[in-house]
Amino acid sequence: MISVKKLYKSFGDTEVLKDINFDVKRGEVVSFIGPSGSGKSTLLRCLIDLEEINSGKVTADSSPLFQDDINITREKRREVLSQMGIVFQSFNLFPHMTVLENITMPLITVDGWKREEAKREAVRLLEVVGLSDKADSYPRELSGGQKQRVAIARALAKNPKILLFDEPTSALDPEMVKEVLNVISSLKDLDITMLIVSHEMEFIKQVSDRVFFMEEGRILASGSPNSLFKDAESERVTQFLNCLN
Ligand code: ADP
Ligand code: MG
């Protein structure tokens, strides 16, 4: 579903992603862990075209998103990107719109859906994230956990094949982390391919098929949660995990 080959990314003279290579299968859930500044957010942002890639090759659902020396048209890229969604740490909801409008507005204005059609989709998605009763509330009337669940519902619109999560619970009070992680876990049943950046190690162990450990712009280690967490061959991974405890 996603293939990344020899991806390099710099900001000015600083190389922040160096020779990143991995493949993610359809329906697979992979997580990225590693110290702050190791390039996790930049990697997700490169995959969804929020950052320009310097070199390498990225393919999503068998269509190229970026490839050295090949000019991929805007339209073609947009087509691929329309199958991808991202959820950020900060929920990025529109404060002056209701929960329902937060979900329908992009569908109507960006994707040209009819109002009724968009509304039906929003109602369905609010059910998926357990917020049917909040359709007419404003973001300020919601808890952090509820806001993030709205953001997830919005990312689910248009049935994306691929969802990216960048520290989806880092801005939440501890008592709200669980409800958001439960919603993300439940998406596994929808057969969505997920790439997750998180520091919630218990969650990562439960939800991930594979885990990648990043440091200084490289993937240093990868494997099943068991192999990576239980008998990490890399001393650095063990060190990092110990720091979190
Ligand atoms: P992580 O998400 O793992 O904490 P980031 O991807 O945010 O790491 O950052 C990786 C490196 O890239 C850091 O050194 C960071 O300072 C740098 N960086 C990130 N975004 C920018 C930017 N827009 N301009 C310049 N440097 C950036
Ligand atoms: Mg980050």
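The shell around ligand 1 draws its largest share, three residues, from H1. Before I go on, note that this is a predicted model. The residues surrounding ligand 1 are Phe11, Val16, Ser36, Gly37, Ser38, Gly39, Lys40, Ser41 and Thr42. Sorted by class, that shell holds two nonpolar, six polar and one charged residues.

Staying with H1, which covers residues 40-47: is this helix enclosed or open? Seven of its eight residues are buried, so the rest of the structure largely encloses H1. The buried ones are Lys40, Ser41, Thr42, Leu43, Leu44, Cys46 and Leu47. Lys40, Ser41 and Thr42 also belong to the residues around ligand 1. After the helix comes Asp49, with a positive phi near 70 degrees.

Next, the chain as a whole. Its secondary structure amounts to nine helices and ten strands. The radius of gyration is 18 Å, and the globule rule gives a value close to that, 18 Å, for 245 residues, so the chain is as compact as a globular protein of that length. Along the principal axes, the C-alpha atoms fill a box of roughly 50 × 45 × 35 Å. Of the 245 residues, 39% are buried. As for contacts with a separation of 6 or more, 62% of them are between residues 24 or more positions apart.

Now the sheet. In what order do its strands run? It is an open sheet of six strands, ordered S6-S7-S8-S3-S9-S10, and the pairing is mixed. The edges are strand S6, residues 84-87, and strand S10, residues 218-223; each has a single partner strand, so one side of each is left without a neighbour in the sheet. On average, neighbouring strands here are turned by 20 degrees against each other, direction ignored.

Strand S9, residues 210-215, is joined to S10 by five bridges, and the two run antiparallel. One residue pair to look at is Glu215 and its bridge partner in S10, Arg218.

Where does Asp209 sit? It is in the loop between helix H7, residues 201-207, and S9. Asp209 has 15 C-beta neighbours inside 10 Å and therefore counts as partly exposed. Leaving out residues up to four places away in sequence, Asp209 touches Glu28, Val29 and Val30.

Last, some backbone angles. Most residues other than glycine have a negative phi. Ser62 is not a glycine, yet its phi is positive, about 70 degrees. Its loop runs between strand S4, residues 55-60, and strand S5, residues 63-67. Is Ser62 buried or exposed? Ser62 has 8 C-beta neighbours inside 10 Å, so it counts as exposed.

Lys158, also not a glycine, has a positive phi of about 75 degrees. The loop that holds Lys158 lies between helix H5, residues 144-156, and strand S7, residues 162-166. There are 17 other C-beta atoms within 10 Å of Lys158, so this residue is partly exposed.

Note on methods:
Residues are numbered from 1 along each chain as its sequence is written. Chains are lettered from A and ligands numbered from 1 in the order in which they are written. This is a predicted model: local features need pLDDT of at least 70, side-chain atom pairs count only at pLDDT 80 or more; totals for chains, interfaces and linings use all residues. Two strands pair if DSSP finds at least two bridges between them. Helices (H or I, at least four residues) and strands (E, at least two) are DSSP runs, numbered from the N terminus. Axes are lines fitted to C-alpha atoms, for helices over the stretch in contact, and angles run from 0 to 180 degrees between N-to-C directions. A residue is buried if 20 or more other C-beta atoms lie within 10 Å of its own, exposed if 12 or fewer, and partly exposed in between; C-beta atoms are placed from the backbone. A residue is near a molecule or strand if its C-beta atom, placed from the backbone, lies within 6 Å of it. Ala, Val, Leu, Ile, Met, Phe, Trp, Tyr, Cys and Pro count as nonpolar, Asp, Glu, Lys and Arg as charged, and the others, Gly among them, as polar. The radius of gyration is taken over C-alpha atoms; the globule rule is 2.2 Å times the number of residues to the power 0.38. Two residues are in contact if their C-beta atoms, placed from the backbone, lie within 7 Å.
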